[in-house]
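Take a walk through this model, one element at a time. Keep the sequence and the 3D view side by side.

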Amino acid sequence: GLQAAMVVALALGALRNRHSTSPAELLSEMNRSLVRRKAGGFVTCVIARLEPDGRLVAASAGHPAPYVDGRELAVTPGLPLGLAEDASYEESSGRAETGITLISDGVVEA
């Protein structure tokens, strides 16, 4: 709906104005932006950074974890974005040899 589209637009705007390359810090920045704008609603998100050597660093805001080489990466699920200004996010890392798969919650629900 319209409200969900507005929340996602705010989240993407916060991502465009990022001040870090750390997945956990990016989630914190996006979260603070959403809470301060009091847009209502929330959004789940996972941010993953893939290095040229195959190292993967990821953090989750209530979103399903990525799969690395066919196995789910153990990612600590943080609060969805927009719920609490002081939410914190943790990074997890792994190494990708053959591939990374990112999924939405729709896959889990199906």
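Where does P66 lie? P66 sits in the loop between β2 and β3 (67-68). Helices (H or I, at least four residues) and strands (E, at least two) are DSSP runs, numbered from the N terminus.

Some ground rules come before the tour. This is a predicted model, in which local features need pLDDT of at least 70 and side-chain atom pairs count only at pLDDT 80 or more, while totals for chains, interfaces and linings use all residues. Residues are numbered from 1 along each chain as its sequence is written, and side-chain values use heavy atoms, with hydrogens and water left out.

Back to P66. It is buried, with a relative accessible area of 0%. Buried means under 20% relative accessible area, exposed means over 50%, and partly exposed is in between (1.4 Å probe, protein chains only). Which residues is P66 in contact with, leaving aside its neighbours within four places in sequence? They are V46, A58, R71, E72, L73, V75, I100, T101 and L102. Contact means heavy atoms within 4.5 Å. A110 is 44 residues from P66 along the chain, and their C-alpha atoms are separated by 17 Å.

Now turn to helix α2. It covers residues 23-37. Its 15 residues, at 1.5 Å a residue, should span 21 Å, and the end C-alpha atoms are 21 Å apart, which agrees. The expected span is 1.5 Å times one less than the number of residues. The helix is mostly covered, with 11 of its 15 residues buried. Those residues are P23, A24, L26, L27, S28, E29, M30, N31, S33, L34 and V35. What do the buried residues of α2 pack against? Their partners are α1 (2-16), β1 (45-50) and β2 (55-61). After α2 comes K38, with a positive phi near 45°.

In soluble globular proteins, nonpolar side chains tend to be buried together. A nonpolar core is a set of buried Ala, Val, Leu, Ile, Met, Phe, Trp, Tyr and Cys residues joined through side-chain atoms within 4.5 Å. The largest one here has 16 residues, and L27, M30, L81 and Y89 touch the most other members. At least two residues of this core come from each of α1, α2, β1 and β2. The largest share, five residues, is supplied by α2. Apart from this core lies another, of seven residues, including A58, V68, V75 and A96.

Follow L81 for a moment. Beyond its neighbours within four places in sequence, L81 is in contact with L27, M30, N31, L34, G41, F42, V43, C45, A61 and Y89.

F42 also takes part in a surface feature. Together with L79 and L83, F42 forms a nonpolar patch with about 300 Å² of accessible area. Patches take residues with over 30% relative accessible area and no salt bridge; like charges are joined within 9 Å, and nonpolar side chains (Val, Leu, Ile, Met, Phe, Trp, Tyr) within 5 Å. Accessible areas come from the Shrake-Rupley method with a 1.4 Å probe, and for residues only the protein chains shown count as cover. L79 is in the loop between β4 (71-72) and β5 (92-95). Its relative accessible area is 42%, so L79 is partly exposed.

Charge comes next. Side chains of opposite charge can pair when their charged atoms come close. A salt bridge is a side-chain nitrogen of Lys or Arg within 4 Å of a carboxyl oxygen of Asp or Glu. How many salt bridges does this rule give? The count is three.

Start with E85 and R36, whose closest N and O atoms are 2.8 Å apart. This pair links distant parts of the chain, with E85 in the loop between β4 and β5 and R36 in helix α2, 49 residues apart. E85 is partly exposed at 37% relative accessibility, whereas R36 is exposed at 56%.

E51 pairs with R49, with the closest N and O atoms 2.7 Å apart. E51 is partly exposed at 27%, and R49 is partly exposed at 24%.

D53 and R95 meet at 3.9 Å, N to O. They too link distant parts of the chain: D53 is in the loop between β1 and β2, R95 in strand β5, 42 residues apart. D53 counts as exposed at 52%, while R95 is partly exposed at 42%.

End at D69, in the loop between β3 and β4. Its phi is near 55°, a positive value in a residue other than glycine. D69 is partly exposed, at 29% relative accessibility.
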